[in-house]
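Hello,

Here is the structure I promised to pass on to you. Have a look at it first, and then read my notes below.

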Amino acid sequence: MAALHRQRWCIATALLVPLLTLAAPWFLAIDGVGPAWAVLWLLPWALEEGPLSGAFAGLALGLLMDGLHIGAVTEAPALLLLGWWWGRIGRRGLPISRTFNLALLAVIGSAALGASVLLQERVAGTLPPASSGWQILLTQALITGLLAPLISSLLLLRWRQIT
Amino acid sequence: MAGRLLRVPLMQKILGAWPWWLLLLALFGVRLSKGAGVMDAYALLSRPFWPGPAQSQWLQSAQRLDEHTRLQLLEQDNARLRGLVELDKTRGTAISAPVISRLTSGWWQQLELGKGSLQGVRDGAAVIAPGGLIGLVSSVTPTTARVALLTNSSSRLGVWIPRVKRHGLLVGLDTPRPRLEFLDKDTGVRPGDVVTTSPASTLVPPNLTVGVVQSVDEDLVPAPDASVQLSAPIDAVDWVQVVAR
């Protein structure tokens, strides 16, 4: 029963990720750049559920997010690796509950996601050299790190209550 | 001698009427200056009855109406002529669509529209906002359509600069201002030049405003490029027109 309950919560909150990405609330953005909502959701889930579940959730979320933007650039591999890594951290060490740790992990995750996008555009040659890729990457990492202690910690608490 | 002349009765009368002489001199001055003083006094007195802002609004609205009508007539005329030379085989109807999601900064510069293939929106259709062209439809679902904005880094659009009659390539940079690349040197393009779609274009509607050249980098090899500010305010657009091909 608990597993079923957890699944329901998982799907309900995960569906908020594409909705928030599309709605892009202006008050949660720096210079118009919003946070990486997928990172904010994936972080607590992977920390709590382990590497396999984290990697699977990352892949699923990545496929969903790829359907929301133009172009052939994919976020799935980066999210898959992030889910795996965070799952290993959650399994191996002390339970992570300090907000600073969450924020740091979210910043690294968002930067890795942005770097994967930047790398793919560079390799595909669609990105002109004068574009503002680095600025977007840094801005998104900043706002994601600021929001992680607020949102990811709440989700983490929720997952711990349920399990 | 002077005293004796003053004692002549006629001279005394003439000199005694000096205020009238002064008045005559003043009127002579008015005559010479074509009404200085009198006109100023009239203007001062009649100022409360001058035509006010209401009247200037009437005139402005009349002028707007005149320009609007002329524009409509010219557009009709233009469409007829284009039909004659068979440039206009691709002419389609415009579909109004609401913007339901707006991602204008971040990794992907795109809009989501609330109308899709069921309403006749097709892949590659031009999207026009108040102010000019903003992008092309990149994918459609039955009820929504995704627009790749001209600022998106995957966007490439051939444009036309009417003043110097030259083509250029508008390349998105993921920043608010796309870059205009030229094919040859000595373009003669200056900041302030208007950028439009090509008059002979069949991919997008011809002669649509795209933006204004902000700055030109002349030192670049092999050809200079320019930074373009789009004329449509993408951050504020709520409804757009999709011109189906």
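**Where the two chains meet**

Chain B and chain A bury about 1,800 Å² between them, and carbon and sulfur atoms give 61% of that area. Please keep in mind as you read that this is a predicted model.

Three strands of chain B each supply at least two residues of the side that touches chain A: strand 1 (94-103), strand 2 (110-113) and strand 5 (145-149). The largest share, three residues, comes from strand 1 of chain B. Sorted by class, that side of chain B has 10 polar residues, six nonpolar and six charged.

In terms of contacts, 22 residues of chain B are in contact with 26 residues of chain A.

**A group of tryptophans in chain A**

Over all chains, the structure holds four aromatic pairs. One of them joins Trp41(A) and Trp45(A), whose rings are stacked, with 5.6 Å from centre to centre and 15° between the planes. Both residues lie in helix 2 (residues 37-49) of chain A, four residues apart, which is about one turn of the helix.

Together with Trp159(A), Trp41(A) and Trp45(A) form one aromatic cluster.

Enjoy exploring it!

Note on methods
Residues numbered from 1 in each chain as written. Chains lettered and ligands numbered in written order. Predicted model: local features only at pLDDT ≥ 70, side-chain atom pairs only at ≥ 80, totals over all residues. Heavy atoms only, no water. Phe/Tyr/Trp six-rings, centres within 6.5 Å; stacked < 30°, edge-to-face > 60°. Contact = heavy atoms within 4.5 Å. Buried area = accessible area lost by both parts, 1.4 Å probe. Nonpolar A, V, L, I, M, F, W, Y, C, P; charged D, E, K, R; others polar.
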